[in-house]
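Subject: Structure handover

Hello,

Here is the structure you asked about.

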Amino acid sequence: MKNRLRVLRAEREWSQGDLAKRLEVSRQSVNAIETGKFDPSLPLAFKLARLFGMRIEEIFSEEE
Amino acid sequence: MWCTSNPAQRLYVARMMWAALFCIVFSSAAVLGIRHGHVTGFASYVLAVLPAVPVAWTLVITGAYLSAEKDEFQRNLYIQAILCGVAATLAVVTAWGYMEDFGRAPRLGLTWVYPMFWIFVAVAKPLVGRRYR
């Protein structure tokens, strides 16, 4: 899955650590999701969407 | 083993330390008591089985940790490391068993299987983590 996490995080000037703290996960988790190497579960995707005030499909999209 | 950054991991490490301590104490008691002939009869069977209690306990502790870990990525990493540990241990023990049968290797005590498993898990954890960097 592709995602816009890096851009959204940069817009808010958050480090990976800042985002990890807000999501209550490790920084490695944020990095793995950001680089598309790990797809988050639906609850975590909803948590991300709530945090950025967006819909899940505005953050994540299928790779073509 | 890893940076203990969340409560579930801290609790897991603390519990595992206690289990390891009991394992060492019970194993030492079994070796000293049975090998040196201080304990005989039924008590020697009880003493021989005693080190398996903390061994089983660590598996319960690990299951409890996996249930308590809220970070799904860390949980995923650890499950993968455990699977690698199981696979490597089974492969080594099976290969060693055949070598033993054919007289190509010395006897490997079964008591080494359990520490071998955790050594493989400890080695696998950072290797599995590297895939996601």
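In which loop of chain A does A:E13 lie? A:E13 lies between α1 (5-11) and α2 (16-23) of chain A. Helices (H or I, at least four residues) and strands (E, at least two) are DSSP runs, numbered from the N terminus.

First, the ground rules. This is a predicted model: local features need pLDDT of at least 70, side-chain atom pairs count only at pLDDT 80 or more, and totals for chains, interfaces and linings use all residues. Residues are numbered from 1 along each chain as its sequence is written, while chains are lettered from A and ligands numbered from 1 in the order in which they are written.

Chain A overall

Chain A has 5 helices and 2 strands. Along the sequence the pattern reads β-α-α-α-α-α-β. The C-alpha atoms of chain A fill a box of roughly 30 × 25 × 20 Å, taken along the principal axes. The radius of gyration of chain A is 11 Å, which agrees with the value near 11 Å for a compact globule of 64 residues. That radius is taken over C-alpha atoms, and the globule rule is 2.2 Å times the number of residues to the power 0.38.

Buried residues make up 22% of the 64 residues in chain A. A residue is buried if 20 or more other C-beta atoms lie within 10 Å of its own, exposed if 12 or fewer, and partly exposed in between; C-beta atoms are placed from the backbone. Take contacts in chain A between residues at least 6 apart in sequence: 53% of them join residues at least 24 apart. Two residues are in contact if their C-beta atoms, placed from the backbone, lie within 7 Å.

Positive phi values

Most residues other than glycine have a negative phi. A:E13 has a positive phi, near 55°. A:E13 is exposed, with 7 other C-beta atoms within 10 Å. A:E24 is not a glycine either, and its phi is positive at about 60°. A:E24 sits in the loop between α2 and α3 (27-34) of chain A. A:E24 counts as exposed, with 12 C-beta neighbours inside 10 Å. A:G36 follows α3(A) and has a positive phi near 75°.

Helix α3 of chain A

The axes of α2(A) and α3(A) come within 8 Å and cross at roughly 105°. The two helices are therefore roughly perpendicular. Axes are lines fitted to C-alpha atoms, for helices over the stretch in contact, and angles run from 0 to 180 degrees between N-to-C directions. Angles under 35 degrees count as roughly parallel, over 145 as roughly antiparallel, 65 to 115 as roughly perpendicular and the rest as oblique.

The buried residues of α3(A) are A:Q28, A:S29, A:V30, A:A32 and A:I33. They pack against β1 (2-3), α1 and α2 of chain A, together with α4 and α5 of chain B. Leaving aside neighbours within four places in sequence, A:I33 is in contact with A:N3, A:L5, A:F38 and A:P40.

The core

The largest nonpolar core has 19 residues. Such a core is a set of buried Ala, Val, Leu, Ile, Met, Phe, Trp, Tyr and Cys residues joined through C-beta atoms within 7 Å. A:I33, B:F73, B:A81 and B:V121 have the most contacts inside the core. α3 and α4 (42-52) of chain A, together with α4 and α5 of chain B, each supply at least two residues. The largest share, 5 residues, comes from α4(B).

Where the chains meet

The contact takes 8 residues from chain B and 10 residues from chain A. Helix α4 (residues 72-101) of chain B gives the most to the chain B side, with 3 residues.

Chain B

Helix α1 (residues 7-35) and helix α3 (residues 52-68) of chain B pack at about 175°, with their axes 9 Å apart. That makes α1(B) roughly antiparallel to α3(B).

B:L108 is in the loop between α4 and α5 (113-130) of chain B. B:L108 counts as partly exposed, with 15 C-beta neighbours inside 10 Å. Not counting residues up to four places away in sequence, B:L108 touches B:W96 and B:E100. B:L108 and B:V49 are 59 residues apart in sequence and 19 Å apart in space, C-alpha to C-alpha.

Best regards
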